[in-house]
Amino acid sequence: MTARPLPLNLAPTLIAWQRVHGRHSLPWVGSRDPYRVWLSEIMLQQTQVSAVLGYYERFLERFPDVAALAAAHQDEVLALWSGLGYYSRARNLHRCAQVVVDQHGGRFPGHSVALADLPGIGRSTAAAIAAFCFDERCAILDGNVKRVLTRALGNGDDLAEGRHERALWQQAEALLPAQDIAAYTQGLMDLGASLCSTRRPACDACPLASLCVARAEGQPEAYPVKTRKLKRGQRAHALLWLDHKDSVWLVQRPQTGVWAGLWALPEFESDRDLWDQARDWPGVGRPMPTVQHALTHFDWTLRPCHWLLPDSLSTAHRQQVENGLPSGRWVMREQALSMGLPTPIRRLFEAGPPR
Ligand code: SF4
């Protein structure tokens, strides 16, 4: 594709718009505290602002600074994150806090290159922290910003190819203003999160309307171009919700893979495996409605079964049941709700066992 000249008025136009129409009421906007900016940037990845607000406040209340977060137990961090999804972010958040405390004396490095070396901080997130907190002139390029820039510039190259993505980074860098980098960076984010939406962008209200190539072509939704589609897989498992009195048997998932480090119900390859396991158990088992859960790479069909052991269970019987289960522990159901649970499991507990 022939390169078009870059619109030199893009940055000043965006800065002027951000000062008036930007999302100034968001609690992290305008902050120059790397801890707060970093926390908001990580939480906002693949997550809507409305979902993040409550989590952001609760995190800051419990962990007011990076030292408090570093000193916490991972279970507590995952519990506070529970429901926000993409749990690798929470584990990296915790690890990153520990690295900042152990290797940087509790202060975030003051440059984007050093920030991008920290766990869970990619190039765009590092640039955002550096721009907001240290006025560093560096470009961000998250999903929303890719959309704004490819549309405004009419960049229809396939971003699935590394060379095209690199070229877009170069364009993003060439567009940086000489000053007001924080307002410019925030303006790109605000525009991508509001008017320049994936579907039906509000071009008539957009500050970039007069220079936007995609708008002039009448096809803003044709950008950005990315041909390689994620191949989604399918999985199905049976889940055992085992109750005894007020307690449920929970298993902590391994530190890698799906729901890593979270507490969940024991998982079986099939319903048959589960029922075979429970064949000689006392009490009553009842299948529950199937749950469909979408993860980044696959759709997961979960078939929970609720098994209620009798209150009067002997120690020997209880031991027999536990011996056949993946290693875990009994947890009071009330207490389970304050632990790091995957969203589908939390919803099951909140709805309560079948009657
Ligand atoms: S004019 Fe439309 S497509 Fe172009 S940047 Fe603005 S909202 Fe996006």
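Predicted model: local features only at pLDDT ≥ 70, side-chain atom pairs only at ≥ 80, totals over all residues.
User: Which residues surround the ligand?

Analyst: A residue is near a molecule if one of its heavy atoms lies within 4 Å of it. Around this ligand you will find Arg151, Leu195, Cys196, Pro201, Cys203, Cys206, Ala209, Cys212, Arg215 and Pro220.

User: Where does the ligand sit?

Analyst: A cavity is a set of points on a 1 Å grid over the protein atoms alone where a 1.4 Å probe fits but cannot get out. A molecule sits in one if more than half of its atoms lie within 2 Å of its grid points. This ligand sits in the largest cavity.

User: How many helices and strands are there in the protein?

Analyst: Both are DSSP runs numbered from the N terminus: helices are H or I with at least four residues, strands are E with at least two. The protein has 16 helices and eight strands, and its C-alpha trace spans about 80 × 45 × 35 Å along the principal axes.

User: What percentage of the 355 residues is buried?

Analyst: Buried means under 20% relative accessible area, exposed over 50%, and partly exposed in between, with a 1.4 Å probe and protein chains only. In this protein, 49% of the 355 residues are buried.

User: Which residues have the most contacts inside the largest nonpolar core?

Analyst: A nonpolar core joins buried Ala, Val, Leu, Ile, Met, Phe, Trp, Tyr and Cys residues through side-chain atoms within 4.5 Å. The largest one has 94 residues, and those with the most contacts inside it are Trp38, Phe59, Tyr184 and Leu250. Helix α8 (residues 123–134) gives the most to this core, with eight residues. Domain 1 (10–222) and domain 2 (233–351) both give residues to this core, so it lies between them; the domain bounds come from an automatic or database domain assignment.

User: Which residue other than glycine has a positive phi near 55°?

Analyst: Tryptophan 259 has such a phi. Tryptophan 259 lies in the loop between β2 (247–252) and β3 (263–264), and is buried at 5% relative accessibility. Aspartate 135 is also not a glycine and has a positive phi of about 55°. Aspartate 135 belongs to the loop between α8 and α9 (143–153) and is partly exposed, at 42%.

User: Which peptide bond is cis?

Analyst: Look at the bond from tyrosine 223 to proline 224, which is cis with omega near -10°. Proline 224 is in the loop between α12 (213–217) and β1 (233–244).

User: Is glycine 105 buried or exposed?

Analyst: Glycine 105 counts as exposed, at 66% relative accessibility. You can find glycine 105 in the loop between α6 (88–104) and α7 (112–115). Glycine 105 and alanine 67 are 38 residues apart in sequence, with their C-alpha atoms 9.6 Å apart in space.

Definitions and conventions: Residues numbered from 1 in each chain as written. Heavy atoms only, no water. 1 Å grid on protein atoms, 1.4 Å probe; cavity = no way out; pocket = protein on both sides within 12 Å on 5 of 7 lines; lining within 4 Å.
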